[in-house]
Every structure is written in structure tokens, then in C-alpha cells.
Amino acid sequence: VQLQASGGGLVQAGGSLRLSCAASGRASSSYAVGWFRRPPGKEREFVAAISWRGEVMYYADSVKGRFTISRDNAKNMVYLQMNSLKPEDTADYYCAAGPRVGVGVRDYDSWGQGTLVTVSS
């Protein structure tokens, strides 16, 4: 499956953004989707993930209560609603697809290009 993330931008602390991940290909297969991010000068880290039917969702502790992952399989879209943004949320955000939902990079075998989120203080 091919993925394309979008929706990044510059926002003030406390603001909100919604990231979108458009999927194409592998239409007949189910897939889980994860969001990861790479802050400036740091390693890639897990943010959130959702199973194919949406019954299982995982969140990193740092975003629980602020970020919400959702998906619309009819549109082949996955979303990440980000509220109460903090400067430490600044990062390149990536969506990824894999056969099963998980929190590790190795759970996913298809990756899209990132979308930059910058949160100013």
C-alpha cells in the first residue's frame, strides 16, 4: 500500500491540527496504520496506531488525552487529530501500514513521506 501524509503546518502552543494519511493500492487487504514522528535531532518514535476495523488503538503516553486516531476505510483515509499541541510535539510525522497493529517500527512495512508539524511557544 502507498501512503501519503498531509496536514502539517505551523501552529501555536495549545492549538490543533488534523493530519491525514491517504492510502492507495492493496485495496483487497486489511492493514493497520500507525503514526510515528521524528523530532529534530531525535530518533523516530511511536505516536498512535489503529487496527483495520478500528477496534484496537494504541497511543504513546506523551499524547494520550490530546491526540485521537481514526480511520475511514471507505475513503482509505486515516486521521490524527492533535489537540493541545505543545512545542515538544514539533516533528516530522509519518504514517505507516502493516498487517497487524503495533507500536514498533517493525510492525509496519509501508511508509509514506512525512509532514512537518511545528508548534511555536
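Predicted model: local features only at pLDDT ≥ 70, side-chain atom pairs only at ≥ 80, totals over all residues.

Me: How many helices and strands does the secondary structure of the chain come to?

Reply: One begins by listing the elements in sequence order. Here the tally is 0 helices and 11 strands, and the pattern along the sequence reads β-β-β-β-β-β-β-β-β-β-β. The chain's radius of gyration is 13 Å, close to the 14 Å that the globule rule gives for 121 residues, so the chain is as compact as a globular protein of that length. Along the principal axes, the C-alpha atoms fill a box of roughly 45 × 25 × 25 Å.

Me: What share of the residues in the chain is buried?

Reply: For this, buried means under 20% relative accessible area. By that cut-off, 44% of the 121 residues are buried. The surface is a separate reading: the chain exposes about 6200 Å², and carbon and sulfur atoms supply 46% of that area.

Me: Of the contacts between residues at least 6 apart in sequence, what percentage joins residues at least 24 apart?

Reply: Sequence separation shows how far along the chain the partners of a contact lie. In this chain the figure is 55%.

Me: In what sense do β2 and β9 each pair with β11?

Reply: The sense of pairing is read for each partner in turn. Strand β2 (residues 9–12) pairs with β11 in the parallel sense over 4 bridges, and Leu10 stands opposite Thr118 of β11. Strand β9 (residues 91–98) pairs with β11 in the antiparallel sense over 3 bridges, with Asp92 opposite Leu116 of β11.

Me: Where does Ser29 lie, and what is its relative accessible area?

Reply: Ser29 is in the loop between β3 (17–24) and β4 (32–38). Its relative accessible area is 29%, which makes Ser29 partly exposed. As for distance, Ser29 and Leu17 are 12 residues apart along the chain, and their C-alpha atoms are separated by 29 Å.

Me: How far apart are the mean positions of the positive and negative charges?

Reply: One compares the two mean positions. For the 14 positive and 10 negative charges of this chain, they are 3 Å apart.

Terms used
Residues numbered from 1 in each chain as written. Heavy atoms only, no water. Pairing = 2+ DSSP bridges. Helix = DSSP H or I, 4+ residues; strand = E, 2+ residues; numbered from the N terminus. Rg over C-alpha atoms; globule rule 2.2 N^0.38 Å. Buried < 20%, exposed > 50% of the residue type's maximum accessible area, 1.4 Å probe, protein only. Contact = heavy atoms within 4.5 Å. Areas by Shrake-Rupley, 256 points an atom, 1.4 Å probe, with all protein chains shown as cover. Lys, Arg positive; Asp, Glu negative; His and termini not counted. Charge placed at Lys NZ, Arg CZ, Asp CG, Glu CD.
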